Amino acid sequence: MEFGKLFELVIAASLINNFVFTRFLGLCIFFGVSKKMETSVGMSITFTAVMVVSAALSWVVYENVMIPLDLTFLKIIIFIGIVAAFVQSADTIMKKVSPTMYYKLGVYLALITTNCIILAVPLINAGEHYTFFESMAFGLGSGLGFALALIIMASIREKLEVADVPRPFRGLPISFIIAGLIALAFTGFSGLITL
């Protein structure tokens with residue numbers, strides 16, 4: 001496999017086709033976790049790891065079990081099961097290794113299981129017929145793109161805590177406005193905005 005193609009997949013998934021800012025997926029976790037930088041970084045690492053590993057496991061199961069047995073119609077159910085098993089493992093490991101981060105992430109850690117971004121990665125991998133390494137590159141790029149979105153938003157939201165924001169825009173309304181402006185900037189990566 002050519003390294004350039006893998007690098008292109010990582011860049012495309014993280015910037016050009018960013019799940020949060022161009023596909024508008026995963027917004028519940030995005031707005032819930034991006035209040036503080038510490039929780040954003042923790043969720044970014046966890047999310048990216050889950051995305052890469054679930055992309056790899058899903059590819060192996062899809063190519064070696066589902067296609068030979070003609071079970072491709074069960075993609076969604078099987079992929080959710082794979083992701084749920086891995087997230088449960090990550091949940092247990094994080095609870096033992098970093099209990100403070102575990103409690104800060106709270107319910108959002110459990111929501112990774114059925115998050116639309118986590119599920120979209122293996123579905124896109126299967127639909128695009130990516131190879132194993134392409135699937136992992138796409139998962140890594142998608143995870144890095146989500147991490148980039150979280151960290152950008154967390155840094156802005158921390159600054160907004162001390163800013164003089166008009167009363168009707170405080171809290172979530174200004175966050176929606178900021179997310180919309182960042183999304184406009186990200187569409188520039190894909191060349192959708194022409195002057």
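Predicted model: local features only at pLDDT ≥ 70, side-chain atom pairs only at ≥ 80, totals over all residues.
Residues are numbered from 1 along each chain as its sequence is written, and side-chain values use heavy atoms, without hydrogens or water. Local features need pLDDT of at least 70 and side-chain atom pairs count only at pLDDT 80 or more, whereas totals for chains, interfaces and linings use all residues.

Helices were taken as DSSP runs of H or I with at least four residues, numbered from the N terminus. The expected span of a helix is 1.5 Å times one less than its number of residues. Helix H7 covers residues 116-128. Its 13 residues should span 18 Å, and the end C-alpha atoms lie 17 Å apart, which agrees. H7 is followed by His 129, whose phi is positive, near 55 degrees.

Residues were classed by relative accessible area: buried under 20%, exposed over 50%, partly exposed in between (1.4 Å probe, protein chains only). In H7, the buried residues are Ile 117, Ile 118, Leu 119, Ala 120, Val 121, Pro 122, Asn 125 and Ala 126. In H4, Phe 79, Ile 82, Val 83, Val 87, Ala 90, Asp 91 and Met 94 are buried. These pack against H3, helix H5 (99-105), helix H6 (107-111) and H7.

H3 and H8 pack at an angle of about 165 degrees, with their axes 8 Å apart. Axes are lines fitted to C-alpha atoms over the stretch in contact, and angles run from 0 to 180 degrees between N-to-C directions. H3 is therefore roughly antiparallel to H8, a class that takes angles over 145 degrees.

Aromatic rings of Phe, Tyr and Trp (its six-membered ring) pair if their centres lie within 6.5 Å; planes under 30 degrees apart count as stacked, over 60 as edge-to-face and the rest as tilted. By this rule there are 12 aromatic pairs. Phe 21 and Phe 30 form an edge-to-face pair, 5.6 Å centre to centre with 85 degrees between the planes. Phe 21 is buried at 1% relative accessible area, and Phe 30 is buried at 0%. Phe 132 and Phe 133 are also edge-to-face, with centres 5.5 Å apart and planes at 75 degrees. Here Phe 132 is partly exposed at 24%, while Phe 133 is exposed at 52%. One aromatic cluster is formed by Phe 21, Phe 30, Phe 31, Phe 176 and Phe 186.

Notes. Helix = DSSP H or I, 4+ residues; strand = E, 2+ residues; numbered from the N terminus. Parallel < 35°, antiparallel > 145°, perpendicular 65-115°, else oblique. Contact = heavy atoms within 4.5 Å.
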